[in-house]
Structures are given as structure tokens and as C-alpha cells.
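Colleague: I am new to reading protein models, and I would like to learn how to go from one residue to the whole fold. Could we take it slowly, one feature at a time?

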Amino acid sequence: MKHFFLLLSMVVFCIQASFANDTACDSMAVTMVRYEQNWNDTEGTLSLRNHTKQTICNVRFRLCYFDMSGTLLDYKDYCKTDIDIAPSMTRQVDIPAFEARRNYSYYKSTSLYEDRRFKITFKLLEYNGSHFSKTTEKIPYDSTKWKGRIYDVVEQMPHFPGGQSAMMRYINENLRYPEEAEQSDVVGRAVVSFIVEPDGALSDIEIKRSLDPAFDRMALLVVQGMPRWVPGKQDGKPVRVRYNLPVSFRY
């Protein structure tokens, strides 16, 4: 009887371990093998590999684009249907080239401009209609470390390191007019709201006043890439402060 229970326990453990492994592998069900985009391409070619035992018919994924120093430039979600990737096989899919009009190129591809090379990361969001990542359009930069009262006005307001002029210089260097909106000649400003935490980190970053989805996304990216701020203080102590930042776009 003792041997029977030992054997039964081992079987249960193996089943649980197998199930856990299958669950953990969901996010790796489809991976990026390679990407190609030369400086004069209008489309990029993404090679995807199926690591499951079923045919992948449709897939939804996110690509994050970084410059060579690792600064986030942009991110986009893509959905590909009827791709039919057989188990353990690889298939190429075409996507719109990143910054094609500005002759950007993937860092492993042919480049015309060395300062317009980029890298990407691939994140699987969904395949065959089975959600396992409820990711929204906003990349989660928020911190849950801090709790307590959030001030709107304090004795010493938080500020960008180096002051207002340094922040304007940072915005001017990093803000780009969205490529997909170049034909619309839209100008105006989006207002980004965020909390400056007691350690200077920015959290709860969101659009308070929208201009256009493409412009809103660009404004969020600029704020999300900011360094830690000098925190606000009340009674001489760092506190949480809500800050609203207008981001202007001019063509």
C-alpha cells in the first residue's frame, strides 16, 4: 500500500509539473526568429516559429522599437491571420516598415544612415484566439511601490532634472511627428498626466487631454522615456504629486 501511494504521488507530481510547463510556455508558443528591413524597404519581413504541437492560424503580437542605445522609439501591435504555421515550422510575414519615409533600417540589415538603425523586441499577445496576455495600448510603466495621498500642489513642486530648459530640450530631441499622420497636417497639443513619486519615478502615466491616437501614443512614449524627476516636497518631505504636462506638435 505504501508503494502504491508513493507511485500515485509521483504520477500526480509529474502531471502537475507537465501542466505547469505547458502553461509557462504559452508566451513562447510563437517566437521571432529574425527580422529584415533595409533602408529603402517599405515592408519589413518577420520570421515566426511555431513551438506548439498545433497549427498556428492567427497571431497577435507587439514589436517595440529601440535605437542602438536602448531608448524606446515606438511600439506597435500587429495581427496576422491565415498564416498557417505548422508545428515546429517557421514562416515569414510582412509588416509595414518602421519609419520607412525616413530610411530607417534594422541593425542587421543594409543601412544608408548609421544614426537610423534600430533594434526590436517581440512579445506574443495572443495566438489562435486564445488570450493569455491582456495587454492594452499602454506599456505598463506604473509603480505600485508608493501609497498614500497624491498632492496637486505642494510647497516644492517636482521638476525635470536640470529644470524647465532641460525638459524642453529633452522633449525637442525625442518628440517626433507621427509618420502615419504626416498627410493630415494636424497640429496641437496633448496633455499627459502622471504622478511623480517620492523617489522621482513617474507612474500612472496617461493621456488627460487627447489630440489624436497617433500623437497621444508619441506623447506617452516621450514621457515614459524620461529620467527620474526631482520629487516634490511638503513639510520638507518627498511626497507623491500629480503633474500635467502639455506636449505640443507642430508639423
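Modeller: Let us begin with a single residue and its surroundings, keeping in mind that this is a predicted model. Leaving aside residues up to four places away in sequence, Ser-109 touches Tyr-35, Glu-36, Gln-37, Asn-38 and Arg-117.

Colleague: Where in the chain is Ser-109 found, and is Ser-109 buried or exposed?

Modeller: Ser-109 sits in the loop that links strand 6 (105-106) with strand 7 (117-127). The word buried is used under 20% relative accessible area, and because Ser-109 has 12% relative accessibility, it counts as buried.

Colleague: Which backbone atom does the side chain of Ser-109 reach?

Modeller: The side chain of Ser-109 reaches the backbone nitrogen of Gln-37, at 3.1 Å, and Gln-37 is also one of the residues that Ser-109 touches.

Colleague: How should I read a sheet, and in what order do the strands of the open sheet come?

Modeller: The general idea is that strands of a sheet pair through backbone hydrogen bonds, and that this pairing is either parallel or antiparallel. In this structure, three strands form an open sheet in the order 1-2-5, with antiparallel pairing. Strand 1 (30-36) and strand 5 (90-96) stand at the edges with a single partner strand each, so one side of each has no neighbour in the sheet. On average, and ignoring direction, neighbouring strands of this sheet are turned by 30° against each other.

Colleague: How many bridges pair strand 2 with strand 5?

Modeller: Strand 2, which covers residues 43-50, pairs with strand 5 over seven bridges in the antiparallel sense, and you can look for Glu-43, which stands opposite Pro-96 in strand 5.

Colleague: Which strands are joined to strand 13 by bridges?

Modeller: Strand 13 is joined to strand 9 (residues 150-151) by two bridges, and these two run parallel; here Tyr-151 stands opposite Val-241. Strand 10 is joined to strand 13 by nine bridges and runs antiparallel to it, with Val-192 having Leu-245 as its bridge partner. Strand 12 (residues 232-234) is also antiparallel to strand 13, with three bridges between them, and Gly-232 has Val-239 as its bridge partner. Strand 12 and strand 13 form a hairpin with two residues between them, and Asp-235 in the turn has a positive phi of about 55°.

Colleague: Which residues have the most contacts inside the largest nonpolar core?

Modeller: They are Phe-194, Met-226, Trp-229 and Leu-245, in a core of 25 residues. At least two residues of this core come from each of helix 2 (164-174), strand 10 (188-196), strand 11 (202-209), helix 3 (213-224) and strand 13 (237-249), and helix 3 gives the largest share, six residues. Leu-245, already met as the bridge partner of Val-192, touches residues including Met-167, Ile-171, Phe-194, Val-223 and Met-226. Apart from this core lies another, of 24 residues, among them Leu-46, Leu-48, Ile-56 and Tyr-104.

Colleague: How many helices and strands does the protein have, and what percentage of its residues is buried?

Modeller: The protein has three helices and 13 strands, and buried residues make up 41% of its 251 residues. Among contacts between residues at least 6 apart in sequence, 69% join residues at least 24 apart. The protein exposes about 14700 Å², of which carbon and sulfur atoms supply 53%.

Key. Residues numbered from 1 in each chain as written. Predicted model: local features only at pLDDT ≥ 70, side-chain atom pairs only at ≥ 80, totals over all residues. Heavy atoms only, no water. Core = buried A, V, L, I, M, F, W, Y, C linked by side-chain atoms within 4.5 Å. Buried < 20%, exposed > 50% of the residue type's maximum accessible area, 1.4 Å probe, protein only. Helix = DSSP H or I, 4+ residues; strand = E, 2+ residues; numbered from the N terminus. Contact = heavy atoms within 4.5 Å. Polar contact = N/O pair within 3.5 Å; in protein donor to acceptor, adjacent residues only side chain to side chain. Pairing = 2+ DSSP bridges. Axes fitted to C-alpha atoms, helices over the stretch in contact; angles between N-to-C directions. Areas by Shrake-Rupley, 256 points an atom, 1.4 Å probe, with all protein chains shown as cover.
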